[in-house]
Amino acid sequence: MHDAPTFRPLELDAILADAHRAGFAMSCEDRTGSLLATLAASKPGGRFVELGSGAGAGSAWLASGMSPDAHLTTVELDPGVQAIARRHLGHDPRIEFVTADADTWLTEATGPFDFAYVDCRPGKYLRLADLLAILAPGALYVVDDMLPQATWPDDHQPRVDAFMEQLPEVPNVRATPMRWASGLVVAARV
Ligand SMILES: C[S@@+](CC[C@H](N)C(=O)[O-])C[C@H]1O[C@@H](n2cnc3c(N)ncnc32)[C@H](O)[C@@H]1O
């Protein structure tokens with residue numbers, strides 16, 4: 001058995017090539033993307049949110065699993081990097097690109113969402129309760145990069161440790177940590 005993905009979004013290679021040219025090294029890895037697509041397919045017609053669009057690799061994977069009537073809102077602080085995602089995925093009417101600080105977006109967001117892929121500090125290391133508050137019961141919550149990454153700043157490990165330590169005490173999620181790919185937590189809102 002190997003764990004290489006068995007499918008690949010059409011736009012992915014072009015997104016990764018543009019991300020590489022732009023010096024953006026934080027796209028999700030393929031195994032994580034494949035899991036995102038699989039989980040996305042379990043929410044037909046669902047409302048999805050991604051915090052931290054990056055160059056759009058995660059969005060492409062999510063979209064490849066989403067049904068035609070599902071909707072993804074993807075939020076990114078940096079318009080330059082999000083421009084790559086917009087260029088390659090802007091044709092997909094299911095995806096709404098928001099250029100904003102996810103912290104601000106969380107203040108104004110109205111749920112319920114059926115799926116959250118959180119890939120920046122707000123909604124993960126900050127304001128987890130606010131993110132969970134806009135998820136429907138049964139919604140999935142996925143975070144990655146919980147194992148040390150080359151792109152981490154020097155002071156990042158304590159944030160990850162604190163997140164993992166508090167997780168069992170969070171009342172409204174059932175979470176499974178996974179030492180797989182970049183290190184994931186897959187959780188369901190209860
Ligand atoms: C790990 S990358 C995202 C990768 C992408 N989700 C994927 O799967 O390919 C994290 C992104 O979050 C963005 N970011 C950082 N802080 C943010 C914030 N406060 N609000 C929104 N985006 C933020 C960064 O600019 C970066 O593009």
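## The shell around the ligand

The residues of the shell around the ligand divide into ten nonpolar, five polar and seven charged, where Ala, Val, Leu, Ile, Met, Phe, Trp, Tyr, Cys and Pro count as nonpolar, Asp, Glu, Lys and Arg as charged, and the others, Gly among them, as polar. In total 22 residues surround the ligand, and the closest are C28, G52, G54, G58 and A102; a residue is taken as near a molecule or strand if its C-beta atom, placed from the backbone, lies within 6 Å of it. At least two residues of this shell come from each of β1 (47-51), α3 (57-65), β2 and α5 (102-108). These element names refer to DSSP runs, numbered from the N terminus, with helices being H or I of at least four residues and strands E of at least two.

## Basis of the description

The model is predicted, and accordingly local features need pLDDT of at least 70 and side-chain atom pairs count only at pLDDT 80 or more, whereas totals for chains, interfaces and linings use all residues. Residues are numbered from 1 along each chain as its sequence is written.

## The sheet

Seven strands form an open sheet with mixed pairing, in the order β3-β2-β1-β4-β5-β7-β6. Its edge strands are β3 (95-99) and β6 (173-178), each of which pairs on one side only; two strands are said to pair if DSSP finds at least two bridges between them. Direction ignored, neighbouring strands of this sheet are turned by 15 degrees against each other on average, the axes being lines fitted to C-alpha atoms, for helices over the stretch in contact, with angles that run from 0 to 180 degrees between N-to-C directions.

Within the sheet, β1 and β4 pair in the parallel sense over four bridges, and F48 has F115 as its bridge partner in β4. Strand β4 (residues 113-118) also runs parallel to β5 (residues 135-143), to which five bridges join it; here F113 stands opposite L135, and V118 has V143 as its bridge partner.

## Helices against the strands

Helix α4 (residues 79-89) lies across β2 (71-76) and β3, and runs at about 165 degrees to β3. Strand β4, helix α6 (residues 128-133) and β5 make a right-handed β-α-β unit, a crossover being right-handed if, with the strands pointing away from the viewer, the path from the first strand over the helix to the second runs clockwise.

In helix α2 (residues 30-40), the buried residues are T32, G33, S34, L35, L36, A37 and A40, and they pack against β1, α3, β4, β5 and β7. A residue is buried if 20 or more other C-beta atoms lie within 10 Å of its own, exposed if 12 or fewer, and partly exposed in between, with C-beta atoms placed from the backbone. Strand β4 is largely enclosed by the rest of the structure, because six of its six residues are buried.

## A buried methionine

M66 has its place in the loop between α3 and β2, and M66 is buried because 25 other C-beta atoms lie within 10 Å. Not counting residues up to four places away in sequence, M66 touches A40, F48, L72 and R94, contact meaning that the C-beta atoms of two residues, placed from the backbone, lie within 7 Å. M66 and A40 are 26 residues apart in sequence, yet their C-alpha atoms are 5.3 Å apart in space.

## Backbone details in the loops

The peptide bond from G111 to P112 is cis, with omega near 0 degrees, and P112 is in the loop between α5 and β4.

Two residues other than glycine have a positive phi, namely D145, with a value near 60 degrees, and A181, with a value near 50 degrees. D145 belongs to the loop between β5 and α7 (157-166) and counts as buried because it has 20 C-beta neighbours inside 10 Å. A181 lies in the loop between β6 and β7 (184-189) and, with 19 C-beta neighbours inside 10 Å, counts as partly exposed.
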